[in-house]
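Me: I am new to this structure and would like to go through it in questions and answers. Please show it before we start.

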Amino acid sequence: MLLPVSVTLGVVLAVLLVFAAAVAAWASLGRSREILVAGVRAAAQLAARRGEVEAGMTPGRVRRTRAGQALGLPERDARVEIVRPAASDALLPGLDQTRTVGLVTLPGAFVGMLLGGALPVEAGAVQLFVLVALTAVQVAAVATVLELVVRGLLYRD
């Protein structure tokens, strides 16, 4: 058995989901609830809102950053006001994938395990673990990049 379906797995998945939601809350990405709901929904779907994505820093956003500074906002705060919505939107593809698993799509790990002879519950457990772990990593990466951008350590010429 690749990944035993047990209480331990449930605890690990819950910890990963809470970690992802907590990092999203810490970075004020506004997607904490969506992360938790997507994880629980994926678990339910495997056991049995799409948003609009905006581009990154455009010339209009640069002007708004300068406008924020002209209004007296510190440079970091002006950057946060512009970058945070795009950072939050960067989480949507992963959240959509997690939300639709088992209903709209049957992901590769799940199908591959079934074809390899695994029980459906084992295949579902592996797929759920992959999706929740990816969500946690994506949230941590987005929060890290957001912080680097607002501190002025990461930028595009």
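Me: Is L9 buried or exposed?

Reply: This is a predicted model, in which local features need pLDDT of at least 70, side-chain atom pairs count only at pLDDT 80 or more, and totals for chains, interfaces and linings use all residues. Residues are numbered from 1 along each chain as its sequence is written, and side-chain values use heavy atoms, with hydrogens and water left out. Buried means under 20% relative accessible area, exposed over 50%, and partly exposed in between, with a 1.4 Å probe and protein chains only. L9 has a relative accessible area of 9%, so L9 is buried.

Me: In which helix is L9?

Reply: Helices (H or I, at least four residues) and strands (E, at least two) are DSSP runs, numbered from the N terminus. L9 has its place within residues 7-26, which form helix α1.

Me: Which residues is L9 in contact with, leaving aside its neighbours within four places in sequence?

Reply: A contact means heavy atoms within 4.5 Å. With those neighbours left aside, the residues in contact with L9 are L3, P4, A125 and F129.

Me: How many helices are there in the protein?

Reply: Read along the sequence, the pattern is α-α-α-α-α-α-α. There are zero strands, and the number of helices is seven.

Me: Which element gives the most to the lining of the second largest pocket?

Reply: On a 1 Å grid over the protein atoms alone, a pocket is an open set of points with protein on both sides within 12 Å along at least five of seven lines, a cavity is a set where a 1.4 Å probe fits but cannot get out, and lining residues have an atom within 4 Å of a point. The second largest pocket is lined by 13 residues, and A47, V121, G124, A125 and L128 lie nearest its centre. Two or more lining residues come from each of α1, α2 (32-47) and α7. With five residues, the element that gives the most is α7.

Me: What is the volume of the largest cavity?

Reply: L91, G94, L95, T135, Q138 and V139 line the largest cavity, and α5 (92-100) and α7 (120-150) are the elements that give two or more residues. Grid points are joined across faces, edges and corners, and a volume is the space filled by probe spheres set on the points. For the largest cavity, the volume is about 30 Å³.

Me: How many salt bridges does a search of the whole structure find?

Reply: A salt bridge is a side-chain nitrogen of Lys or Arg within 4 Å of a carboxyl oxygen of Asp or Glu. R99 and E34 form one (3.2 Å, N to O), and both residues are buried. These two belong to a network of salt bridges that links R31, E34, D89, D96 and R99. In the whole structure, the number found is seven.

Me: Is R151 buried or exposed?

Reply: The side chain of R151 meets that of E147 in a salt bridge (2.7 Å, N to O). E147 counts as buried because its relative accessibility is 18%. R151 has a relative accessibility of 55%, so R151 counts as exposed.

Me: In which helix do both R79 and E75 lie?

Reply: The side chains of R79 and E75 meet in a salt bridge (2.3 Å, N to O). E75 counts as partly exposed because its relative accessibility is 40%. R79 and E75 are four residues apart, about one turn of the helix, and that helix (residues 75-89) is α4.
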